[in-house]
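These are my notebook entries on a structure that I looked through piece by piece. I begin with charged pairs, then turn to strands, loops and the surface.

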Amino acid sequence: MALATSGQISMGGNSAGRSIAKELNIGTANVHTSTISLASANVRTLAGRTGSTTSISLSHFHGKSNTLDTQTLLVGSNSSGTNRGYSTLSWIFSGGSMSDGTANWKSGSSYRLLYHDSSQNRITLAVNGIHSNSGFSSMKVSYINGNPNDPTVTVTRSTAAVFSASSYFNFTSWRWDGRTQNPFGTINNVSKKVEFF
């Protein structure tokens with residue numbers, strides 16, 4: 001969620017849209033620390049004021065977001081329902097969609113896959129092109145509509161069990177194993193929010 005475009009902005013606290021620490025996810029849930037500094041690199045990056053001699057104030061945070069990319073994913077699946085999410089690769093399944101389909105954190109490469117495989121308890125993400133293992137720190141999939149009991153799932157890039165860049169298929173992928181919670185649920189044609197940080 002982006003910080004408010006006007007009004008009060010604070011360094012710490014738990015007010016969504018008002019707390020810099022909450023926007024940067026510094027601290028633990030509901031205990032977002034106020035012991036951060038305007039001189040911190042991540043704080044200056046959020047404000048877009050990155051030089052150490054560049055002036056910075058709380059007003060520079062209006063409208064800023066720690067999110068690298070936000071997509072709305074319309075859920076599709078294979079015929080058995082074991083693979084659910086989004087895929088452009090027919091041997092996995094062809095279905096679902098992503099709002100603009102462009103990975104802002106990878107220079108505008110298009111998304112190829114983002115799905116949960118319930119037979120293997122895996123989440124897989126892939127983008128077009130050959131890339132390094134970088135660009136995002138974490139990915140969060142959460143409810144928009146469908147079953148409100150579908151879990152919110154967050155994975156970090158550094159905990160991916162498999163990272164692969166395939167020149168044959170011309171895509172780069174990350175896979176998280178042991179993911180028993182399926183953020184895409186069991187209903188097709190419902191929407192999920194996907195955020196990259």
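**Entry 1: salt bridges**

I first looked up the salt bridges, and the structure holds 4 of them, a salt bridge being a side-chain nitrogen of Lys or Arg within 4 Å of a carboxyl oxygen of Asp or Glu. Before going further I note that this is a predicted model, in which local features need pLDDT of at least 70 and side-chain atom pairs count only at pLDDT 80 or more, while totals for chains, interfaces and linings use all residues. Residues are numbered from 1 along each chain as its sequence is written, and side-chain values use heavy atoms, with hydrogens and water left out.

One of the bridges is between K192 and D150, where the closest N and O atoms are 2.6 Å apart. Because K192 lies in strand β15 (residues 191-196) and D150 in the loop between β11 and β12 (153-156), the pair ties together parts that are 42 residues apart in sequence. Strands here are DSSP runs of E with at least two residues, numbered from the N terminus. I find K192 buried at a relative accessible area of 0%, and D150 is buried as well, at 12%; buried means under 20% relative accessible area, exposed over 50%, and partly exposed in between, with a 1.4 Å probe and protein chains only.

K193 pairs with E195, with 3.7 Å between the closest N and O atoms. Here K193 is partly exposed at 31% relative accessibility, whereas E195 is buried at 5%.

R175 forms a salt bridge with D177, their closest N and O atoms being 2.8 Å apart. Both are partly exposed, R175 at 22% relative accessibility and D177 at 35%. I also note that R122, R175 and D177 are linked in a network of salt bridges.

**Entry 2: S142**

Which residues does S142 touch, leaving aside its neighbours within four places in sequence? They are T152, K192, K193 and E195, where contact means heavy atoms within 4.5 Å. S142 itself lies in strand β11 (residues 138-143) and is buried, with a relative accessible area of 11%.

**Entry 3: strand β5 and its partners**

I next looked up strand β5 (residues 83-89), which is largely enclosed by the rest of the structure, because 6 of its 7 residues are buried. Strand β4 (residues 76-77) runs antiparallel to β5 and is joined to it by 2 bridges, two strands being counted as paired if DSSP finds at least two bridges between them. Within this pairing, S77 stands opposite R84. The two strands form a hairpin with 5 residues between them, and G81 in the turn has a positive phi of about 80°.

With strand β9 (residues 109-117), β5 pairs in the antiparallel sense over 5 bridges, and N83 stands opposite D117 there. With strand β6 (residues 93-95) the pairing is again antiparallel, over 3 bridges, and the bridge partner of T88 is S94. The hairpin that joins β5 to β6 passes through 3 residues.

**Entry 4: F93**

**Entry 5: loops with positive phi**

Most residues other than glycine have a negative phi, and I therefore looked for exceptions. N170, in the loop between β13 and β14, has a phi near 55°, although N170 is not a glycine; N170 is partly exposed at 40% relative accessibility. N121 has a positive phi of about 55° and is found in the loop between β9 and β10 (122-128), where N121 counts as partly exposed at 28%.

**Entry 6: a surface patch**

My last entry concerns F169, which sits in the loop between β13 (162-166) and β14 (171-177) and is partly exposed, with a relative accessible area of 38%. W91, Y168 and F169 form a nonpolar patch on the surface, with about 430 Å² of accessible area together. Such patches are made of residues with over 30% relative accessible area and no salt bridge, like charges being joined within 9 Å and nonpolar side chains (Val, Leu, Ile, Met, Phe, Trp, Tyr) within 5 Å, and the accessible areas come from the Shrake-Rupley method with a 1.4 Å probe, only the protein chains shown counting as cover for residues.

Definitions and conventions. Helix = DSSP H or I, 4+ residues; strand = E, 2+ residues; numbered from the N terminus.
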